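I would like to walk through one model slowly, so please keep the picture in view while I talk.

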Amino acid sequence: MRSAIRLSIALMAGLAAAATATAALAQAASGPDNRLNRDNRLEPSNQPSTPADRAFDPRAQVATTIPVVVQRPAANLVGRIPVTAGPTVPVITIEGPTLRAIPGDRWTTGLYINNNSGAPVDTQVGCSFTNGGRTVQESRVVVPTAAAGTRLSVSVDGPRVDVFVDRVLCRVLTP
C-alpha cells in the first residue's frame with residue numbers, strides 16, 4: 001500500500017512538472033507578452049509629428065527658404081527723440097524686435113526705428129526669421145521716410161505659424 005501511495009505521489013509530481021513545462025514551451029513559442037513590457041509613448045514612429053514637436057528638433061522641420069520677401073509696411077509715428085547722430089551714435093537705430101505668433105495666421109515682429117539725425121532718412125531693414133539657427137524666412141523691409149528726430153513703429157510679417165520660428169534678428173541695411 002505504501003508503495004502504491006508513493007507511486008501515485010511520484011506520478012502526480014511528474015504530471016505537474018509536465019504541465020509546467022508544457023506551459024513554458026507554449027509561452028516561449030508565442031513570444032513574450034509585449035503589451036505589458038512596451039510603452040508606445042516612447043516610440044516616436046507611432047506618434048504623429050506636430051509643429052510643436054518639430055520645434056524641439058529644427059532639423060525635423062521641412063521649410064523651404066523662399067527668396068527675400070520685400071515688405072512695405074505702414075509706419076506709425078510714436079514720438080520725437082533728440083537728434084544725437086554723430087561719430088558714436090548711428091543715424092538709425094532699431095529697438096525691440098519682439099516675436100509673436102498670430103494664431104492661424106503668421107509670425108510677426110514689431111520694431112521701433114529711431115532717426116537720430118537732423119534730416120529725413122529712407123531706411124531699409126533686414127529681418128531673419130529662424131528656427132534653431134536655420135533661416136526660415138528672410139525679409140527686407142522698406143520703411144517709409146522717417147522725419148528728423150522721430151521714432152516710428154513698424155510691423156514685419158514672418159512665415160505662416162505652421163512653420164515654427166524661435167527667433168527673429170533684425171538689422172539696418174540702409175542708410
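**Salt bridges, a sheet, a core and a disulfide**

Let me begin with the charged side chains, where the structure holds three salt bridges. Please keep in mind throughout that what we are looking at is a predicted model.

In one of these salt bridges the side chains of Arg-151 and Glu-95 come together, with 3.3 Å from N to O. Arg-151 belongs to strand 7 while Glu-95 belongs to strand 3, so this pair ties together parts of the chain that are 56 residues apart in sequence. Arg-151 is partly exposed, with a relative accessible area of 21%, and Glu-95 is also partly exposed, at 34%.

Another salt bridge is made by Arg-160 and Asp-105, whose side chains meet at 3.9 Å, again N to O. Here Arg-160 lies in strand 7 and Asp-105 sits in the loop between strand 3 and strand 4, so the parts tied together are 55 residues apart in sequence. Arg-160 has a relative accessible area of 41% and is partly exposed, and Asp-105, at 34%, counts as partly exposed too.

The remaining salt bridge joins the side chains of Arg-171 and Glu-138, at 2.7 Å from N to O. Since Arg-171 lies in strand 8 and Glu-138 in strand 6, the pair ties together parts that are 33 residues apart in sequence. Are these two residues buried or partly exposed? Arg-171 counts as partly exposed, at 37% relative accessibility, whereas Glu-138 counts as buried, at 17%, because buried means under 20%.

Let me turn now to the strands themselves. Strands of a sheet pair through backbone hydrogen bonds, and they may do so in a parallel or an antiparallel way. In this model there is an open sheet of four strands, in the order 2-7-4-3, and its pairing is antiparallel. Strand 2, residues 75-80, and strand 3, residues 92-101, are the edge strands, each of which pairs on one side only. From one strand to the next, the twist averages 25°. Strand 2 and strand 7 run antiparallel and are joined by five bridges, and in strand 7 the bridge partner of Gly-79 is Arg-151, a residue you will remember from its salt bridge with Glu-95.

What lies in the largest nonpolar core? This core has 17 residues, of which Val-125, Cys-127, Val-143 and Val-156 touch the most other members. Strands 4, 5, 6, 7 and 8 each supply at least two residues, and strand 5 gives the most, with four. If we leave aside neighbours within four places in sequence, the contacts of Val-156 include Trp-107, Leu-111, Cys-127 and Phe-129.

With 115° about the S-S bond, the link is right-handed. Cys-127 is buried, with a relative accessible area of 0%, and Cys-170, at 19%, counts as buried as well, because the cut-off for buried is under 20%.

Notes. Residues are numbered from 1 along each chain as its sequence is written. This is a predicted model: local features need pLDDT of at least 70, side-chain atom pairs count only at pLDDT 80 or more; totals for chains, interfaces and linings use all residues. Side-chain values use heavy atoms; hydrogens and water are left out. A disulfide is a pair of cysteine sulfur atoms within 2.5 Å. Buried means under 20% relative accessible area, exposed over 50%, partly exposed in between (1.4 Å probe, protein chains only). Two strands pair if DSSP finds at least two bridges between them. Axes are lines fitted to C-alpha atoms, for helices over the stretch in contact, and angles run from 0 to 180 degrees between N-to-C directions. A nonpolar core is a set of buried Ala, Val, Leu, Ile, Met, Phe, Trp, Tyr and Cys residues joined through side-chain atoms within 4.5 Å. Contact means heavy atoms within 4.5 Å. A salt bridge is a side-chain nitrogen of Lys or Arg within 4 Å of a carboxyl oxygen of Asp or Glu.
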